[in-house]
Amino acid sequence: MSHLAKNYNRKKISFKYGKGSYLYSTDKKKYLDFVQGIAVNSLGHAHPKLIKTIKDQSKKLWHVSNAFQIPEGEKLAKKLCKKTFADYVMFQNSGAEATEAAIKVARRYFYSIGKPNKNRILCIKNSFHGRTLAAIFASGSKKMTEGFGPKITGFDHFSFGDHNSLKKKINKNTAAIMVETIMGEGGIKVIPDWCLKELRVLCNKKKILLILDEVQCGIGRSGDFFAFEKSKVKPDIVPIAKGIGGGFPIGAVLMNKKVASGMVPGTHGSTFGGNPLAMSVGNTVMDIVSNKKFLNNVKGLSKYFLFKLNKVQEKYPKVIKQIRGRGLLIGIQLYKDQTEFIKKLMNNQLLTIRAAENIVRILPPLNVKKNEIDLAIKIIEKVCSQIK
Ligand SMILES: *Cc1c(COP(=O)(O)O)cnc(C)c1O
């Protein structure tokens, strides 16, 4: 019997090794991996530059305490700030830690300016910000919070797209609005650029902070380095994770100078966060993914993939309801529950993963090849033809 806790519904399949977009199973099958650890392996499996980085750094230094200077972290923080709205970065190990730290930064900022009662965070109902206690209550999902009371208070919710409710829920105790720029788990729902702009205007008017959770949609996934870039909106705080480590666990909170002023020595910390091994890998991923040419290529691949998927939808309008997403964060929304569809794709050696609202989520590596997209389309089309 397995001694792993049963908190996952695992597929009966395991892998021996991976290369680029492919995974090779222990029973010697080759799978096209369009999950990539849920948008984590931004450069696919076993990228030679990441292997070299890990190899070189592992011989030098793995871990030292944040009680000391960590030049690799300084370097990565500098690159992140140079590319974006941010002035400061705080490194963590995961997405949930990054969103939690984002909440802490927002609350601490208002505390530091003498407004400690401004501490409530306004979030989208059934969003996803991670699985820690605060993060599940931030997500406002019944399923995720069931049995984990007492409720962590301090979060208010509005429904995706319900602007009236959003405005009504802001009160004198609101510190920030926290939303995913593109909802991942929640069903690949893109917040339109005009909406992000209005959010910024609203936050300015109400003197509250804008937190954009880019844990899943950031680091090139959308075709821009951050999904909010296209809108020209500048958020105050941005938690990131998944893609930045290329498979190595890294999380971070990016913030502007104003809000960073509250984070004085002793206010937050992490034993593992920002260690030299993690930071070396992060630097290598950053150098590749933040390159303009690389991002233009992601945009091109996305356009091609979405065009092809829309063709499939036209051919099977009774199976596929809608193609959603941006960049290489793509959702095929089905009319029916997606479980069987995903299973059939897997039987045809294409790995995908579910999201809410009957979505088959597709997350290829950002350096996926065109012929791999073609192969995926072929398999998706075949499975569509088998669905009644
Ligand atoms: C995955 C995810 C998280 C949580 O990340 P973990 O590393 O699993 O803790 C938070 N926010 C969003 C938008 C995510 O997609």
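Modeller: K189, R324 and E357 are linked in a network of salt bridges, a salt bridge being a side-chain nitrogen of Lys or Arg within 4 Å of a carboxyl oxygen of Asp or Glu. The model is predicted, so local features need pLDDT of at least 70 and side-chain atom pairs count only at pLDDT 80 or more, while totals for chains, interfaces and linings use all residues. Residues are numbered from 1 along each chain as its sequence is written, and side-chain values use heavy atoms, with hydrogens and water left out.

Helices (H or I, at least four residues) and strands (E, at least two) are DSSP runs, numbered from the N terminus. K189 counts as buried at 18% relative accessibility, whereas E357 is partly exposed, with a relative accessible area of 34%. Here buried means under 20% relative accessible area, exposed over 50%, and partly exposed in between, with a 1.4 Å probe and protein chains only.

The structure holds 12 salt bridges. Another of them joins the side chains of D224 and K299, at 3.0 Å from N to O. This pair also links distant parts of the chain, with D224 in the loop between β10 (209–213) and β11 (237–240) and K299 in helix α11 (residues 292–315), 75 residues apart. D224 is buried, at 12% relative accessibility, and K299 is partly exposed, at 37%.

Helix α11 also contains L309, which is buried with a relative accessible area of 0%. Leaving aside residues up to four places away in sequence, L309 touches I323, I330, I332, I377 and I380, where contact means heavy atoms within 4.5 Å. The C-alpha atoms of L309 and I373 are separated by 10.0 Å, and these two residues are 64 apart along the chain.

A further salt bridge is formed by the side chains of D287 and K79, with 3.0 Å from N to O. D287 belongs to helix α10 and K79 to helix α3, so the pair ties together parts that are 208 residues apart in sequence. D287 is partly exposed, with a relative accessible area of 46%.

The two helices that carry this pair pack against each other. Helix α3 (residues 71–83) and helix α10 (residues 276–289) meet at an angle of about 30°, with axes 8 Å apart. Axes are lines fitted to C-alpha atoms, for helices over the stretch in contact, and angles run from 0 to 180 degrees between N-to-C directions. On the α3 side, E72, G73, K75, L76, K79, L80 and K83 make the contact, and on the α10 side P276, M279, S280, G282, N283, M286 and D287. The residues of this contact divide into 5 nonpolar, 4 polar and 5 charged. In that count Ala, Val, Leu, Ile, Met, Phe, Trp, Tyr, Cys and Pro are nonpolar, Asp, Glu, Lys and Arg are charged, and the others, Gly among them, are polar.
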